[in-house]
Amino acid sequence: MTTKEFLIELADVLQTEDNLELSSNLSNSEYWDSLSQMSVMSFLAKKFGVHASLEDITMTDKVSDIFDIVKEHIED
Amino acid sequence: MFEFTKDQIFIITGASSGIGEGVSLLLNELGATVVAIARRMDKLEEIKASSAHPENFFCERKDLSVDCGTLDAYVRSLKAKYGKFRGLVYCAGIPAVISLQAITPEMAEETFNINYFAPLFMAKGFADRRVNTGKGSAMVFISSIAAECCGKGMSLYSGSKAALKASARVIAKEIAPNGVRVNSILPADIETPMTAEEYMQRRKPLYPMGFGSVSDVANFVAFLLSDKAKWISGQSYIMDCAALL
């Protein structure tokens with residue numbers, strides 16, 4: 001998966017029409033809530049086999065924080 | 001009464017007859033735009049022709065019992081075609097009266113597909129923030145009194161409708177932060193094409209005030225979809241006029 005594909009799939013998981021960038025802020029966005037955090041955890045486990053802790057996810061501020069968890073699986 | 005505007009778009013399933021038809025016509029009459037879904041396109045076109053505002057009545061042919069797991073994507077495709085939805089009313093359903101010993105896996109699958117899995121995945125699609133209009137939007141599921149009062153031969157039907165009622169409450173809780181309300185209605189005997197004449201004659205003594213009508217349910221659905229019901233969510237309402245208590 002490339003960075004661009006990651007951003008598109010993450011936007012789908014978060015159910016947002018925004019074009020996400022690595023610098024996009026999550027903590028202040030309307031779509032960053034407990035349900036979407038669980039969806040992101042499920043997404044990381046299903047797509048990358050990475051089991052992030054709830055703390056890792058809830059402490060997320062920007063998209064890049066999630067990206068950092070799986071960046072070794074990103075191809076570009 | 002309450003009014004809707006044409007930019008308030010509602011998906012109605014099972015819209016070619018009975019409660020679905022009644023809800024579609026009423027919402028359209030009240031000013032809303034309706035996307036009516038059913039298997040029978042010819043019947044949908046007839047209903048559209050009889051609607052108060054046919055220009056705001058759109059017909060979609062779809063068999064909801066097939067590939068239920070893709071219905072969330074189907075709802076998203078409807079959003080791309082019509083815009084964001086204000087509401088979803090799931091009326092499609094099939095009756096199944098059969099003894100336990102006669103039940104086959106195929107019957108069980110068919111009943112649960114249309115009565116439970118289809119509304120579940122349509123709800124998943126509707127709950128997507130990109131699909132609904134957020135605060136003020138609502139879903140209504142037509143469950144059945146059979147979810148509460150069981151008769152012989154109703155294990156599949158009662159089970160599927162009880163599952164729908166239970167899931168509706170959970171969904172309501174999950175998506176409340178997004179401003180989307182979810183309720184279900186459990187009608188008792190309503191005079192629709194689904195109810196056989198012989199059955200209705202047998203049930204008549206139970207209803208001192210007569211059977212319910214499609215419009216009785218449709219009016220309540222319209223209320224639950226309106227802003228008049230903005231503080232009502234996660235509820236399931238029996239409509240039986242005290243007959244089966």
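Phe2(B) is buried, at a relative accessible area of 13% (buried is under 20%, exposed over 50%, partly exposed in between; 1.4 Å probe, protein chains only). Phe4(B) is buried too, with 8% relative accessibility. This is a predicted model: local features need pLDDT of at least 70, side-chain atom pairs count only at pLDDT 80 or more, and totals for chains, interfaces and linings use all residues. Residues are numbered from 1 along each chain as its sequence is written, chains are lettered from A and ligands numbered from 1 in the order in which they are written, and side-chain values use heavy atoms, without hydrogens and water.

Over all chains, the structure holds 13 aromatic pairs (Phe, Tyr or Trp rings, the six-membered one for Trp, with centres within 6.5 Å; planes under 30 degrees apart are stacked, over 60 edge-to-face, the rest tilted). Phe2(B) and Phe4(B) form an edge-to-face pair, 6.5 Å centre to centre with 70° between the planes. Phe220(B) and Phe223(B) are stacked, because their centres are 6.2 Å apart and their planes at 10°. About one helical turn separates these two, as they sit 3 residues apart in helix H7 (residues 214-225) of chain B. Phe223(B) is partly exposed at 25%. One aromatic cluster takes in Phe2(B), Phe4(B), Phe10(B), Phe220(B), Phe223(B) and Tyr237(B).

## A charge over a ring

Lys62(B) places its charged end over the ring of Tyr74(B), 4.6 Å from the ring centre (NZ of Lys or CZ of Arg within 6 Å of the centre and within 35 degrees of the ring normal).

## Glu148(B) in its loop

Glu148(B) belongs to the loop between strand S5 (138-142) and helix H5 (155-175) of chain B. Its relative accessible area is 39%, so Glu148(B) is partly exposed. Beyond its neighbours within four places in sequence, Glu148(B) contacts Lys165(B), Leu186(B) and Ile238(B) (heavy atoms within 4.5 Å). Ser158(B) is 10 residues from Glu148(B) in sequence and 7.7 Å away in space, C-alpha to C-alpha.

## Chain B as a whole

Chain B has 7 helices and 7 strands (DSSP runs numbered from the N terminus: helices H or I, at least four residues; strands E, at least two). From the N terminus, the order is β-α-β-α-β-α-β-α-β-α-β-α-α-β.

The C-alpha atoms fill a box of roughly 45 × 40 × 35 Å along the principal axes. Buried residues make up 53% of the 245 residues in chain B. Of the contacts in chain B with a separation of 6 or more, 71% join residues 24 or more positions apart.
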